[in-house]
Amino acid sequence: MKSTVLLVLATAGLFTACTSSRDELRRTAPNTVPVPHNTIVDCPVYDGMTKTSNVLVQTTAGNTVQVLDTINAYFVRVRLEKAGLVQTGYMDRRCFGVRGDK
């Protein structure tokens, strides 16, 4: 009797967990549009998320870049136009001041 009750409760819990995770997957991100930000210092735009990655473009203070995604605690994915070419890469968050995701 106890095992039947436990089996029913476990099955109900499993269905509830699956339903809630499916609802999370359906939810769209609230802000998926690139947001323009101005850099406060000279910063490189890397092709990867390490400081040993190749430098695609060197930006200067006051340049405007579009932040596409806040990748992790150290880098943001950006898009900028330099010399008529659109470049997409990664910048250090500290290039934007306190936080690069606001």
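This is a predicted model: local features need pLDDT of at least 70, side-chain atom pairs count only at pLDDT 80 or more; totals for chains, interfaces and linings use all residues.
Trainee: Where does Thr39 lie?

Mentor: Thr39 is in a loop. That loop runs between strand 1 (35–38) and strand 2 (43–46).

Trainee: Why is Thr39 called buried?

Mentor: Look at the value. Thr39 has 4% relative accessibility. Buried means under 20%. Therefore Thr39 counts as buried.

Trainee: Which residues does Thr39 touch, leaving out those up to four places away in sequence?

Mentor: Thr39 touches Thr59, Thr60, Ala61, Gly62, Asn63, Met91, Cys95 and Phe96. Take Gly62. Thr39 and Gly62 are 23 residues apart in sequence. In space, their C-alpha atoms are 5.1 Å apart.

Trainee: What makes the pair Thr39 and Thr60 a polar contact?

Mentor: A polar atom of the Thr39 side chain lies 2.9 Å from the backbone oxygen of Thr60. The cut-off is 3.5 Å. The pair is within it.

Trainee: How many disulfides does a search of the whole structure find?

Mentor: The search finds one. The disulfide joins Cys43 to Cys95.

Trainee: How do you know that Cys43 and Cys95 form a disulfide?

Mentor: Their S to S distance is 1.8 Å. A disulfide needs sulfur atoms within 2.5 Å. The pair meets that cut-off.

Trainee: Which parts does the pair tie together?

Mentor: Cys43 lies in strand 2, and Cys95 lies in the segment after strand 6 (85–92). So the pair ties together parts that are 52 residues apart in sequence.

Trainee: Why is this disulfide called left-handed?

Mentor: Because the torsion about the S-S bond is about -105°.

Trainee: Are Cys43 and Cys95 buried or exposed?

Mentor: Cys43 and Cys95 are both buried.

Note on methods:
Residues are numbered from 1 along each chain as its sequence is written. Side-chain values use heavy atoms; hydrogens and water are left out. Helices (H or I, at least four residues) and strands (E, at least two) are DSSP runs, numbered from the N terminus. Buried means under 20% relative accessible area, exposed over 50%, partly exposed in between (1.4 Å probe, protein chains only). Contact means heavy atoms within 4.5 Å. A polar contact is a pair of N or O atoms within 3.5 Å; within protein, one must be able to donate a hydrogen and the other to accept it, and residues adjacent in sequence count only if both atoms are side-chain atoms.
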